[in-house]
Amino acid sequence: MSRFARTADVVYWEEPVHGAQGPSLGTRRCPKTGVTVATPTLPAGLSADAETAALRSLLDGLLDVRPVDRLVRWYYTPMMLPLSEHRAANAVVYDCMDELANFKGAPATLLPLEQRLLDQADLVFTGGYSLFEAKRDRHPSVHPFPSSVDVAHFAAAREPGREPDDQRAIPRPRLGFYGVVDERMDLALLAAVADQRPDWSLVIVGPVVKISEHDLPRRHNIHYIGGRDYAALPDYLRGWDVALMPFAINDATRFISPTKTPEYLAAGCPVVSTPVTDVIRHYGSVAAVRIAATPDAFVAACAEALTLRASSEWRDEVDALLAQGSWDKVHAEMAALIGKVMAARQRPLAAAAAVPSVHRSKRYDVMVVGAGFAGAVMAERLAADAGKRVLVVDRRPPIAGNAFDRLDDAGVLIHQYGPHIFHTNSADVFDYLSRFTEWRPYEHRVLASVDGRLMPMPINRTTLNLLYGLDLRTEDEAAAFLASRAEPVEVVRTSADVVISAVGRELYETFFQGYTRKQWGMDPSELDKSVTARVPTRTSTDDRYFTDTYQAMPAEGYTRMFERMLDHPHIDLLLGVDFAEVRHAYAHDHLVFTGPIDEYFGHRYGKLPYRSLRFRHETFAQEQYQPVAFVNYPVEATPHTRVTEYKHLTGQRAPNTSVTFEYPSAEGDPYYTIPRAENQALYKRYEALALAERDVSFVGRLATYRYYNMDQVVGQALATYRRLAARWAHDAGAVQLPDSVAA
């Protein structure tokens, strides 16, 4: 990585440290290598899903503030895949140094994650030929890179110098080992050597991992030094007469190619090893390397190696061998392979993030464009109910569309693309989504900031009393008051007509006019009546924004709900990918399109108008920012339309709080269709084209140019699936051969 850091920004992501109050990320730049080391800190006791979500959020925060033109996701372990696979990359590298699944205590999820990583990876590098032979049939681009060595660093051990204080007093001859002490070390062999040769000192430098300290053989001539820095290793090697590799021959060492073999030789130490396959393959014929399988043979080999330490004749052979390989050469070869992958992408951030990635030789029944509500429901039904093979494509790296939520740096679950409040009167929709989530009961309440006071929205009796200093006590009194202010409109056509005819111009201007102008970029008098008709006026004191039968929030968030929806063996995801670039690359029989319908047809008749949004996410060092989840700002002079505080939605408790300021925009991703007659007329022209596309289904808010709520999108997708399944069943029946012919 230090070589790559000479020309690129390299971030090395460490395992998380547990015990902090909230998720945080520490970074430091190594002055010697130029590599940035990122160390995440998490609270103890998080579930696996919560920990992954927290790490994913920390990673996003780190990458989002760095100018990333080209990104390589490089993995030494598949266990890091879940927290990072949502990031689009120009290349994905699996640098497989060990067969980790064979290690003691390997998690049960490691093998499935490794397969997922192999599916995603563009390149697989192996730390030796044994691993290459094990992996080469599992991926089309596997490349062996046997262990190399920084010769100059370790050759310093050949020169006179001061030994470390904790080794200087140990008697000679000294036979040393450095590295992790775990199940890969043959502890019985170590004890046998110490017992047979009590005049030899065995020096073990390295941490004890995954085995107990009580398992270590304790002898007067075995010295456990503990872990030491890489920079200090030549100083220890300087005082060794022989370097040891007493590896156990077991599943954990079956595919290893120890880096320490060339490092020991570069330091001028003869080597004695147990019969590790790659050591025999690469160094078995080297005079300075002895291979021994039994304790007696190992002791004899060490005795022979001790006679070499005083001689320099064998070093010419070793130096010639070491000159054939170096980390600079390895870096150059790896960089060339990665460069070819990047060149094939032909764009700054190409489609690479997939869960799992898919091979182009695979054929799908259906390609679904979009991983939001419409696409996810269609994909789930097509796979789970119809048994179809489905590929879901989305240009964003995360799933869940605009409903995507994540833990921010304060550990608060925020909605990245603006707040989403679930409510519905449809038992079918609620029951369907309940298959994929538990629910947190939540009734939505909104306040509007008017002249420095917060008043309930929609307008109700409490609003009227606060605004006008009244004491309306019954619904009849409130109804009479509103009737006295209403300005009847002969034909209600626009959003302005809806409000003015119901509550009068003053309330319209106070609560609706400025807000609507900001939200839509035009006056309510220019918008279809459906916009403001969505907001009721009440004569009761019911301050709930919605009165639907089912009102709740997904208990673990929307993204987790979507993950469960799309977790099906017949569903593959291709994320961070533009549909236009892959439509013809992955064979499929039917297409489900949930994006903008005008975009699908190349804006043939011109662009359909959409409104977009910008978001400013902030965290404050206080438990609560505002009394409810939403506070609206209807005054036109205030640039944002509303502020959302998420802890009201999630029920989370934390010392800090996170909020989002929302700014409507004419530019950006399409969020809202603009309901005007001329826009509907333009849409109808695109709809006519869509109806002619028999093998394409158009589903969702953007694909059907409708201002739908989430539950309406789910209902539309379920209905579309049922019609499609019925059509397929009918077509299959129509072409079925008679039994006599089929026989």
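Reader: What makes Tyr-610 and Tyr-705 buried?
Author: This is a predicted model, and the label is a computed one. Buried means under 20% relative accessible area. Tyr-610 and Tyr-705 are both buried, so each falls under that cut-off.

Reader: Why is the pair Tyr-610 and Tyr-705 called edge-to-face?
Author: Rings pair if their centres lie within 6.5 Å, and planes over 60 degrees apart count as edge-to-face. Here the centres are 5.4 Å apart and the planes stand at 75°. Both conditions hold, so the pair is edge-to-face.

Reader: What does the pair of Tyr-610 and Tyr-705 tie together?
Author: Tyr-610 lies in strand E26, and Tyr-705 in the loop between strand E31 and helix H25. The pair therefore ties together parts that are 95 residues apart in sequence.

Reader: How do you know that Phe-430 and Trp-439 are stacked?
Author: Stacked needs planes under 30 degrees apart. Theirs are at 25°, with the ring centres 5.0 Å apart, so the pair is stacked. Phe-430 and Trp-439 are buried too.

Reader: Why is Arg-396 said to lie over the face of Tyr-417?
Author: CZ of Arg must be within 6 Å of the ring centre and within 35 degrees of the ring normal. Arg-396 is at 3.7 Å from the ring centre of Tyr-417 and lies over the face. Arg-485 sits over the ring of Tyr-468 in turn, 4.5 Å from its centre.

Reader: What makes E19 and E20 edge strands?
Author: The open sheet runs in the order E19-E23-E20. E19 and E20 each have a single partner strand, so one side of each is left without a neighbour in the sheet.

Conventions:
Residues are numbered from 1 along each chain as its sequence is written. This is a predicted model: local features need pLDDT of at least 70, side-chain atom pairs count only at pLDDT 80 or more; totals for chains, interfaces and linings use all residues. Side-chain values use heavy atoms; hydrogens and water are left out. Two strands pair if DSSP finds at least two bridges between them. Helices (H or I, at least four residues) and strands (E, at least two) are DSSP runs, numbered from the N terminus. Rings of Phe, Tyr and Trp (its six-membered ring) pair if their centres lie within 6.5 Å; planes under 30 degrees apart count as stacked, over 60 as edge-to-face and the rest as tilted. Buried means under 20% relative accessible area, exposed over 50%, partly exposed in between (1.4 Å probe, protein chains only).
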